[in-house]
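Please open the model in your viewer and keep the sequence panel beside it. The tour below goes from stop to stop, saying what to select and what is there.

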Amino acid sequence: MKKFFVTGMSCAACSARVEKAVLSVEGVETCSVNLLTNSMKVEGNAGSEDIIKAVCAAGYGASEFLSEKTTKKPNLKIRLWTSAVILIVLMYISMGHTMWGFPLPSFIAENPVNLGLCQMLLTITVMIINQKFFINGVKGLIHKAPNMDTLVAMGSFASFGYSVYAVFAMSEAQMAGEHALAMSYLHELYFESAAMILTLITVGKMLEAAAKGKTTSAIESLMKLAPKTATVLRNGKEIEVSIEEVQKGDMFLIRPGEQIPVDGVVLEGQSAVNESALTGESLPVDKDAGASVSAGTINVSGFLKCEATGVGEDTTLSQIIKMVSDASATKAPIAKIADKVSGVFVPIVIGIALVTLIVWLLIGQTFGFAIARAISVLVISCPCALGLATPVAIMVGTGTGAKNGILFKTATALEQAGKAQIVALDKTGTVTEGNPTVVSIIPTEGWSAVQLLTLAAALEKNSEHPLAEAIRKKAEDESIEAAEVSEFIVLPGSGLQAELKNSMLYGGNLQFIEDKAEIDNKMKNIATGLAEEGKTPLFFAQDRKLAGIIAVADVIKEDSVEAVKELQNMGLRTVLLTGDNEKTAKAIGKQVGIDEVIADVLPGDKDEVIRALQKKGKVVMVGDGINDAPALTRADIGIAIGAGTDIAIDAADVVLVKSRLSDVPAAIKLSKATLRNIRENLFWAFIYNIIGIPLAAGVWYFLLGWKLNPMFGAAAMSLSSFCVVSNALRLNFVRIHKGKNNAKEVNEMKKTMKIKGMMCGHCEARVKKCLEELPGVAEADVNHKKDRAVVTLSEEISDEILKNTIEAQGYSVEEIK
């Protein structure tokens, strides 16, 4: 596979032309051009020189890919504002003075030739500022591949050329002493039309450029993730060397809190390693002798001595970088509808104009009359509406999305999202919160929830494990102060032990605690049930007596279930894609209601899974971790959760600022509405041309006496653009989230209960469970800190039933309202 950078492309017609030219080279098997990144990937045995030669022959430039580059974007703002200022002056002279008598210096106002020359000079200035349209447009004609720039150049130059003719005619009349005739030619000047065409299309180009926010910074961010140095053992001494100097087989040392520099295998030490950047696992993985470690991951607690097994381009991180780069290079560009039709539209319009000119001359009309009709055809069929139809709708659509916390980084993203058929969801941080929290506290007989949490907080106080952080946070929320312990020992992969006031405390997994205390079958069954629900059960004991279980889990986001249901109601298939174990993944998938669960997916596999899903339809990938970057790029549309990593956000096409999964269906709805709006814009643009071109050509002249002055053709053209923009503005009123009326009806069926006796999260869960088991209860939101439960009802339930249900669990109900 060979990669190239391509220059000079301005639209999808250009990228299609490049692909066609390269595919004609002998030895080329496949060619994929990415308009967004100006890159091209070619497979086959053709030589690079032949490929570059073919691109140049097509009217573009190409060079071999050497390293990741960023291309400098043209400053369309300067072009637009400069053109607009000059256009205002031009309009003041051509329209303000000529039609409404606005004041001008006498040497200009009293001499029509001077008026014409001023307009011509101003128009030439605008044309020079926007010369790119003419350069690219002429290139397109030379290479028999007209594009949007060709349409712009033809429309503008036709108006300019006719106006220059009128200036000469005006000058001739003036020299002949026919001042009134010379003044009449002022109404035959259409310099402002030529300048306005260029300015309006520049507006469209700027709107289009504003929608193109995606860059190649995802690759740069991934590369920044890799450590710059490593501590290696050379001749028995610790030496800090640059990452490039590390060789396969070198011994390197990793201390707590440090990033692992290269892929390797653990020789000595025990620790927990945070691999969430690569695997998506929210919990650190325990490592000891023989375990593998990957570059870019973080050593959380212990000291590790490792042997390098993968360096440079062979590391897992480097492979992810390569996948992101390859996926970006091979993603097919979206062919804009306007560019697709431009190749047919331009020749037809030119042909109609020529036929109009010839026919009127053949039937005996003057050259001035005939050329005016031909110019009218070109002016009225100016592609302003055609050119603005897509970018204006996209810009309004992206603005509407931004108001709702949905950021589309490219026009392509907004177009493609609505065509999705499959939505692949990463689990950690996307469907779930991404932060381990305490979800259940289950004490044994003789222990209360508060006592169990107090014991656990003391034991976990000195631990650096994320699960310990979850317990400490829970204790803090409950205003429990952790006691100081002594003889604290960490047993990686097993648990903790410490001494508190001559009493031994133990905490950890089932296997570890079984050696320290007796665990009955009831508690074992509870632990198994928790694991099957995707939760991590932690056992705690004191002096060889089991105190209870605290379950820690990555809690499902409150809107995940509703979001998945809404996606399914839209006819989309949902897939859970995660690096978690199958039991946890299926438990989460079942709770959320996802159609298909794919578990134990490694970083490289995510890319392959997306490829496989794409065979079944267009895929949207939703994720938040570094490990999701290749899949986000490979998918037809990548959506990043706003609270995710910078790399995921950079690699994605859409960013959800509020980190709500419910914004995914909202984004797809907005995309569908925008696509519908674009089609409407294009429809009206063509209807306008179908009606306007015959009128401009003078088809109705003999029957009804109708003929169209090019000035009115230009006005009609401007009106068509106004209609397109106005239609696009309707997107501001599109409702992409559920209506407020439904929410109001639900709020009217809520009851708030004041409950006494709840002490902890376990009490909350118990009250919530008993309430939600009642027929007619849709949801119960319980908060033990506020002594409150808000019950959402799907049907009427008496206060007495609610009160008796709670009191049967040992709590008291003081009030229901």
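**Stop 1: helix α19**

Select residues 466-477, helix α19, where Arg 472 and Glu 469 sit three residues apart, so about one helical turn separates them. This is a predicted model. An α-helix has 3.6 residues a turn, so residues three or four places apart point the same way. Show the two side chains: Arg 472 and Glu 469 form a salt bridge, with 2.8 Å between the closest N and O atoms. Colour by accessibility and Arg 472 comes out as partly exposed, at 23% relative accessibility. Glu 469 is also partly exposed, with a relative accessible area of 42%.

**Stop 2: other salt bridges**

How many salt bridges does a search of the whole structure find? The search finds 19. Select Asp 426 and Lys 606, whose side chains meet in one at 3.2 Å, N to O. Asp 426 belongs to strand β15 (residues 422-426) and Lys 606 to helix α24 (residues 603-614), so this pair ties together parts that are 180 residues apart in sequence. Are the two partners buried or exposed? Asp 426 is buried, with a relative accessible area of 2%, and Lys 606 is buried at 0% relative accessibility.

Next select Asp 787 and Lys 756, where a salt bridge brings N and O to 3.1 Å. Asp 787 is in the loop between β28 (777-783) and β29 (788-793), while Lys 756 is in strand β27 (residues 750-756), so the pair ties together parts 31 residues apart in sequence. Asp 787 counts as buried at 17% relative accessibility, because the cut-off for buried is under 20%. Lys 756 is partly exposed, with a relative accessible area of 32%.

To finish this stop, select Asp 607, Glu 608, Arg 611 and Arg 634 together. These four residues are linked in a network of salt bridges.

**Stop 3: strand β22**

Select residues 573-577, which make up strand β22, and pick out Thr 574 within the strand. Thr 574 is buried, at 0% relative accessibility. Thr 574 and Val 423 are 4.9 Å apart in space, C-alpha to C-alpha, but 151 residues apart in sequence.

**Stop 4: two surface patches**

Switch to a surface view and select Glu 433, Glu 558, Glu 779 and Asp 781, which form a negative surface patch.

Which helix gives the most to the nonpolar patch? Helix α13 (residues 337-362) does, with five residues. Leu 362 is in helix α13 and counts as exposed, at 70% relative accessibility.

**Stop 5**

Select residues 663-697. This is helix α27, with 35 residues, and its first and last C-alpha atoms are 50 Å apart, close to the 51 Å expected at 1.5 Å a residue. Step just past the end of α27 to Gly 698, which takes a positive phi of about 85 degrees.

Move to residues 131-142, helix α6. Its twelve residues should span 16 Å at 1.5 Å a residue, and the end C-alpha atoms are 17 Å apart, which agrees. Which residues of α6 are buried? They are Phe 133, Phe 134, Asn 136, Gly 137 and Gly 140. Just after α6, Lys 144 has a positive phi of about 55 degrees.

**Stop 6: positive phi in two loops**

Select Asn 235, in the loop between β5 (229-234) and β6 (237-242). Asn 235 is not a glycine, yet has a positive phi of about 55 degrees. At 81% relative accessibility, Asn 235 is exposed.

Arg 544 is partly exposed, at 48% relative accessibility.

Note on methods
Residues are numbered from 1 along each chain as its sequence is written. This is a predicted model: local features need pLDDT of at least 70, side-chain atom pairs count only at pLDDT 80 or more; totals for chains, interfaces and linings use all residues. Side-chain values use heavy atoms; hydrogens and water are left out. Helices (H or I, at least four residues) and strands (E, at least two) are DSSP runs, numbered from the N terminus. Buried means under 20% relative accessible area, exposed over 50%, partly exposed in between (1.4 Å probe, protein chains only). The expected span of a helix is 1.5 Å times one less than its number of residues. Patches are made of residues with over 30% relative accessible area and no salt bridge: like charges are joined within 9 Å, nonpolar side chains (Val, Leu, Ile, Met, Phe, Trp, Tyr) within 5 Å. Accessible areas come from the Shrake-Rupley method with a 1.4 Å probe; for residues, only the protein chains shown count as cover. Lys and Arg count as positive and Asp and Glu as negative; His and the chain ends are not counted. The place of a charge is taken as NZ of Lys, CZ of Arg, CG of Asp or CD of Glu.
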